[in-house]
Amino acid sequence: MNKIRNAIYEIHHMDDMATKDQWVRHLHPLAKLFVTFFYIFTLVSFSKYDFGGVLGMGIYLLIMFCVADISLKRAARQMRIILLLTIMVGIANPFLDHQVVTKIGGFVITGGMVSMITLMLKGIYAVLASYFLIVTTSIEQICYGLQCLHLPKPFLTMILLIYRYMIVLLKEAERISLSYEMRAPGQKGIHWKVWGSLAGQLLLRSIDRAQVVYESMLLRGYDGTFQLRMKKKKTSTSVLYALIWILIFFFYRRIPVFWLIGQMMGV
Amino acid sequence: MHMADALVSPAVAGTMYVCSAAAMTYSMKKVHLEVDTKKVPVMGVMGAFVFAAQMINFSIPGTGSSGHLCGGMMLSAILGPFAGFLTMIGVLLVQCLLFADGGLLALGANIWNMAFYGCFIGGMVIWRFMMKRSMSKKKIAIASILGCVLTLQLGAFSVTLETLASKITELPFAVFVGTMQPIHLAIGLVEGLITTAVLCFIYDARPELLWMYEEKEDGKLSYKGTVGVLAGAAVVIGGLFSLAASSNPDGLEWSMKKVSGSTELASSGIFYQIAHKIQAFTAILPDYSFKGSEAAAGTSFSGIIGGVIVAVVCLAVCFLIRFFKKGKVKNCE
């Protein structure tokens with residue numbers, strides 16, 4: 001049940017964060033979406049041995065997290081979900097790739113070690129970049145951005161409904177789980193004998209709710225789509241924001257900045 | 001099985017986005033969301049249900065661990081494969097944008113691995129094939145377990161291929177596949193059992209909610225069955241029972257015989273002669289027999305032929321009426 005409660009709390013927290021009155025939050029969602037997408041695209045395009053290049057990509061995150069006043073500690077929680085598969089994939093690299101890359105004080109660093117650390121760093125940065133996007137942009141704004149990309153309106157309406165009713169149904173699932181736990185103390189999870197009836201009841205209630213939702217939407221003049229609008233539009237700032245970051249990522253990817261700095265310092 | 005951004009290269013991510021977008025466009029065309037506005041809220045609430053239900057832990061007997069519901073298969077069994085696929089995209093998008101569960105760049109790959117196989121292979125192929133004729137709890141169980149296991153195996157295999165194509169890991173193909181497939185076989189089995197339990201409950205409580213469920217009333221025949229029975233009856237009655245037909249005059253003939261002493265009236269004049277000649281020429285089976293023969297086979301043959309001709313004429317009249325009706329509707333528009 002803690003899982004459900006945490007999920008509800010996270011959703012509310014994200015909503016609160018996204019509605020803060022700050023210039024980053026008022027940027028056009030498409031600008032933030034494009035920058036995040038291009039950032040991740042540039043990040044994963046680095047070679048698996050290019051640890052320096054990947055490390056430098058963290059500067060964007062440092063700047064934006066400071067500007068938007070986002071807690072890194074809370075963001076780190078998000079990483080546990082996806083890091084498992086990344087670790088599983090990368091953990092074998094040090095055992096299979098023995099090619100010596102460098103030596104630091106007698107300690108041999110192999111290609112496998114570098115590729116594993118680079119992979120994990122890529123995973124962490126990508127999650128942090130997505131986290132920055134979601135805490136500075138509400139789901140309505142993201143849907144508005146997707147609407148600008150001409151995604152079908154009914155599809156976007158469906159996404160908004162999933163988001164809205166997710167909280168309602170999560171609360172319902174929490175109530176069901178709590179009632180079950182109180183009747184079956186000390187038991188981990190739901191017993192197999194009631195798998196069908198427990199989730200089935202939730203499903204039937206959801207379908208009935210969908211009918212009520214549809215009828216109430218019709219009464220409020222629903223014609224198949226929701227009208228998505230943004231309160232504050234900062235078009236010129238948004239364009240500038242997107243342009244600057246995309247150019248930085250592009251040139252950073254083309255020019256090995258760290259290598260050049262090393263050359264200048266004579267390393 | 002949500003893939004992170006770090007596990008895919010830009011080329012693989014782009015390819016998977018294109019594949020998933022193609023499947024999404026096709027589904028949008030099939031579902032007609034712009035016309036069927038009722039489907040949108042149902043899909044939205046069902047997507048929210050899958051999300052909420054996946055948060056509930058179902059304990060696996062004897063293992064101490066727990067599993068959760070298989071979203072793609074469940075949605076396909078209720079909404080159908082196309083609407084189910086679109087709903088799953090919505091769920092994955094919300095998971096990605098709200099919980100950072102699965103990467104933004106890897107979203108195309110995640111849609112393919114989890115929604116495409118679940119809805120198109122699990123729903124459109126397995127569920128559809130199993131429920132083609134009728135629906136039963138046994139069939140629901142087989143379809144759910146087979147669907148979940150197979151789609152999860154395909155999904156896990158795709159993850160392996162996508163990761164290897166991205167050149168992320170040093171793991172050899174065989175080792176990677178050998179690690180991924182057995183884990184997902186166990187997960188698939190558990191998810192299949194949970195999905196079976198839920199779908200069987202729905203089948204008991206509200207079967208009309210399930211995709212491809214058709215209510216059959218006792219003794220009610222299908223259209224094809226009705227036509228078949230009627231055709232069979234026509235052949236038996238026309239071809240067999242006609243042999244036992246009475247040779248006595250019918251009601252009119254009987255009355256005429258009583259009045260005039262003969263069952264047929266004597267007719268004279270040019271028009272009667274012309275009409276008689278035309279009838280003699282067109283009647284291929286005069287008096288329900290072959291020409292110039294009194295054989296019983298002629299009576300049977302004429303019974304069958306008569307039935308066929310009447311059926312053809314009736315069908316032709318029906319088609320003509322429908323044709324004129326369509327014309328009228330078009331004129332009104």
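Author: Among contacts in chain B between residues at least 6 apart in sequence, 73% join residues at least 24 apart. Two residues are in contact here if their C-beta atoms, placed from the backbone, lie within 7 Å.

Reader: What kind of model is it, and how is it numbered?

Author: This is a predicted model: local features need pLDDT of at least 70, side-chain atom pairs count only at pLDDT 80 or more, and totals for chains, interfaces and linings use all residues. Residues are numbered from 1 along each chain as its sequence is written, while chains are lettered from A and ligands numbered from 1 in the order in which they are written.

Reader: What are the scores?

Author: ipTM is 0.84 and pTM is 0.74. Chain B has a mean pLDDT of 79, with 70% of its residues at 70 or more. pLDDT is the predictor's confidence in each residue, from 0 to 100.

Reader: How many helices and strands in chain B?

Author: Chain B has 11 helices and 2 strands. These are DSSP runs, numbered from the N terminus: helices are H or I, at least four residues, and strands are E, at least two. From the N terminus on, the order is α-α-β-β-α-α-α-α-α-α-α-α-α.

Reader: Switching to the interface. How many residues from each chain?

Author: Chain B gives 64 residues and chain A gives 72.

Reader: Which element of chain B gives the most there?

Author: α2(B), with 13 residues. The side of chain B that touches chain A has 44 nonpolar, 14 polar and 6 charged residues. Ala, Val, Leu, Ile, Met, Phe, Trp, Tyr, Cys and Pro count as nonpolar, Asp, Glu, Lys and Arg as charged, and the others, Gly among them, as polar.

Reader: And inside chain A, how do α2(A) and α11(A) cross?

Author: The axes of α2 (residues 29-45) and α11 (residues 235-254) of chain A come within 9 Å and cross at roughly 5°. Axes are lines fitted to C-alpha atoms, for helices over the stretch in contact, and angles run from 0 to 180 degrees between N-to-C directions. α2(A) and α11(A) are therefore roughly parallel, a label for angles under 35 degrees. The residues of that contact divide into 11 nonpolar, 3 polar and 1 charged.

Conventions:
Angles under 35 degrees count as roughly parallel, over 145 as roughly antiparallel, 65 to 115 as roughly perpendicular and the rest as oblique.
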